[in-house]
Amino acid sequence: EQNQQQDQDENEEEGSSSQIPEGGGAQSSYMEELLRQQALEENPAVKELYDKAKEMDKSSETEKSNKILNEAIGMYKTLIEQYGDKLNDTIFKQVAERCINRMRFLGRLKSAVDIHYKLIRRFADEPSFRNQLAVTFLLGNRLSAAKLVLHEVLSQWRYNGFALVHYGFVLKNLDQDFENAVLYLREGIETNDEGTQDGRFYFNLGDALQRLGRNQEAQEVYRKGAKIGLFLSEYQRSLYNVNRLKSKPFWTKLDTTYKDQFTEIYKYWQVIRDEGLKLLSQDGLFMNEQENLKDTGDWKQFELYARGSKTKNCHMAPITCQLINNFKAASSCKRGQVKFSVLHPNTHVHSHCGPTNCRIRAHLGLKVPENTFIRVANETRSWKEGEWLIFDDSYEHEVWQKGTSLRLVLIVDVWHPDLTEEEKSSMSPI
Ligand code: LMR
Ligand code: MN
């Protein structure tokens with residue numbers, strides 16, 4: 001997912017302000033257009049390259065062509081790297097920011113970093129260009145690099161809201177430094193600066209507070225986030241949503257509209273269980289949960305489908321995968337997975353929300369000892385062997401395994417039944 005936070009650019013020299021719009025249509029003020037014309041007319045060769053780049057950029061969008069886009073990017077780069085000193089500040093910024101935007105779009109993050117440095121060098125007294133470099137680092141999951149840049153911004157601009165929230169985000173997700181994450185996220189959010197009223201920061205602030213046992217404060221953050229429309233509700237805090245979908249914590253097979261398919265699969269629950277147990281008996285196949293959701297204990301998974309496609313693990317669980325293959329709402333669910341999930345005794349999974357409201361999560365109980373529980377919003381239930389437990393994982397949920405033997409389930413995510421075919425096929429995968 002793109003993080004295209006746009007900053008306000010104050011151009012003191014020219015006495016005008018510009019804001020580069022997202023996406024294709026480059027709209028700008030009359031004054032800026034005049035400045036651009038004037039600067040470019042003095043340099044016909046540069047103007048030609050600039051016009052050509054913009055034309056290619058535009059046609060890459062109408063043609064949906066990455067090849068054309070790469071050519072446009074090449075021209076933007078030439079403008080910045082070879083003719084930078086012939087461009088006035090307004091145009092230089094416009095070209096460089098558009099170049100970065102398009103490089104991010106293509107995932108060319110290393111190339112984008114070079115352009116960021118050009119902006120930072122030329123506009124050394126504007127924090128927004130450093131902040132944007134940090135965003136590019138974050139898009140590439142380079143949290144340590146982002147941390148350094150943000151730290152530098154805050155050493156010069158102590159109250160920069162954009163840097164504060166991003167720095168807090170990094171402290172939480174890189175260092176698990178919840179105490180300081182709370183301080184920075186909270187201070188950043190309170191600035192109300194552009195880019196700070198974002199679900200991700202409310203989400204991470206609340207989560208850091210919960211991890212510190214400060215549940216009441218967390219709830220206040222969630223309530224405010226829901227009130228200003230960043231969350232669907234105080235308990236349903238997924239960030240990739242379709243708004244009109246009906247929702248409730250627990251579902252029945254009938255509610256999902258896939259009753260027949262769920263029924264077909266659970267006829268074979270013992271076969272599925274045996275496939276899972278056989279895999280579990282082989283060392284190193286199940287992987288530790290990756291998202292830092294576990295508090296104590298041991299939680300491992302073995303993935304069969306991800307983002308609507310089979311994984312290479314499928315040949316090791318052929319019957320289970322064949323059953324899923326016949327269940328289109330599951331096998332095509334680009335915003336979900338199918339996986340075995342094992343919780344060993346004395347495991348606690350922190351309260352958390354899934355990323356999207358576009359899926360419904362079904363667990364088929366395979367090995368279920370006493371004293372294992374899942375809370376979804378305000379209700380706590382247990383699994384039963386050979387039965388489905390179906391819930392909406394965009395709601396806050398938390399899991400306890402206080403049994404004396406392992407708990408194994410098959411997790412099957414299915415498309416939310418309210419989504420249209422059109423929506424399902426155009427949705428970005430998760
Ligand atoms: C979760 O999805 O958070 C848990 O319910 C997974 C599990 O194995 O119970
Ligand atoms: Mn979960």
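Guide: His 352 and His 397 are both buried. Keep in mind that this is a predicted model.

Visitor: By which residues is the manganese ion coordinated?

Guide: For a metal, look for the donor atoms and their distances. Here the manganese ion, ligand 2, is coordinated by NE2 of His 352 and NE2 of His 397, at 2.2 Å. His 352 belongs to strand E9 and His 397 to strand E14, so the pair ties together parts that are 45 residues apart in sequence. Water is not among the atoms, so the site may look incomplete.

Visitor: Where does His 352 stand relative to strand E14?

Guide: For paired strands, look up which residue faces which. His 352 stands opposite His 397 in E14. Strand E9 covers residues 347-352, and four bridges join E9 to E14, the two running antiparallel.

Visitor: How many residues of E9 are buried?

Guide: Burial is read from relative accessible area, and a residue under 20% counts as buried. Six of the six residues of E9 are buried, so E9 is largely enclosed by the rest of the structure. Strand E14, residues 397-401, is mostly covered, with four of its five residues buried. For the whole chain of 430 residues, 51% count as buried.

Visitor: Is His 397 itself buried or exposed, and what does its side chain contact?

Guide: His 397 has a relative accessibility of 4% and therefore counts as buried. A polar atom of the His 397 side chain lies 2.9 Å from the backbone oxygen of Tyr 395.

Visitor: Which residues surround ligand 1?

Guide: For a ligand, list the shell, then pick out the polar contacts. The shell around ligand 1 consists of Trp 299, Ser 341, His 352, Arg 361, His 363, Ile 374, Trp 383, His 397, Val 399, Arg 407 and Ile 411. By class, that shell has five nonpolar, four polar and two charged residues. His 352 and His 397, which coordinate the manganese ion, are among the residues around ligand 1.

Visitor: Which polar side-chain atoms come close to oxygen atoms of ligand 1, and at what distances?

Guide: A polar side-chain atom of Arg 361 lies 3.0 Å from an oxygen atom of ligand 1. For His 397, an N or O atom of the side chain is 3.1 Å from an oxygen atom of the ligand. For Arg 407, a polar side-chain atom is 2.7 Å from a ligand oxygen. Each of these falls under the cut-off for a polar contact, a pair of N or O atoms within 3.5 Å.

Visitor: How much of ligand 1 does the protein bury?

Guide: Compare the area of the ligand alone with what the protein covers. Taken alone, ligand 1 exposes 270 Å², and the protein buries 99% of that. The elements giving two or more residues to its shell are strand E10 (359-367), E14 and strand E15 (407-415).

Visitor: Which residue is 6.2 Å from Val 338 in space?

Guide: Sequence separation and distance in space are read separately. Val 338 and Asp 413 are 75 residues apart in sequence, with a C-alpha to C-alpha distance of 6.2 Å. Val 338 sits in strand E8, residues 337-343. Its relative accessibility is 0%, so Val 338 counts as buried.

Visitor: Where does His 416 lie, and what does its side chain contact?

Guide: His 416 lies in the loop between E15 and helix H17 (421-426). His 416 is buried, with a relative accessible area of 0%. A polar atom of its side chain lies 2.7 Å from the backbone oxygen of Lys 246.

Visitor: How many helices and strands are in the chain?

Guide: The chain has 17 helices and 15 strands. Its C-alpha trace spans about 80 × 45 × 40 Å along the principal axes.

Note on methods:
Residues are numbered from 1 along each chain as its sequence is written. Chains are lettered from A and ligands numbered from 1 in the order in which they are written. This is a predicted model: local features need pLDDT of at least 70, side-chain atom pairs count only at pLDDT 80 or more; totals for chains, interfaces and linings use all residues. Side-chain values use heavy atoms; hydrogens and water are left out. Buried means under 20% relative accessible area, exposed over 50%, partly exposed in between (1.4 Å probe, protein chains only). Two strands pair if DSSP finds at least two bridges between them. A residue is near a molecule or strand if one of its heavy atoms lies within 4 Å of it. A polar contact is a pair of N or O atoms within 3.5 Å; within protein, one must be able to donate a hydrogen and the other to accept it, and residues adjacent in sequence count only if both atoms are side-chain atoms. Accessible areas come from the Shrake-Rupley method with a 1.4 Å probe; for residues, only the protein chains shown count as cover. Ala, Val, Leu, Ile, Met, Phe, Trp, Tyr, Cys and Pro count as nonpolar, Asp, Glu, Lys and Arg as charged, and the others, Gly among them, as polar. Donors are N, O and S atoms within 2.8 Å of the metal (3.2 Å for Na, K and Ca); water is not among the atoms, so sites may look incomplete.
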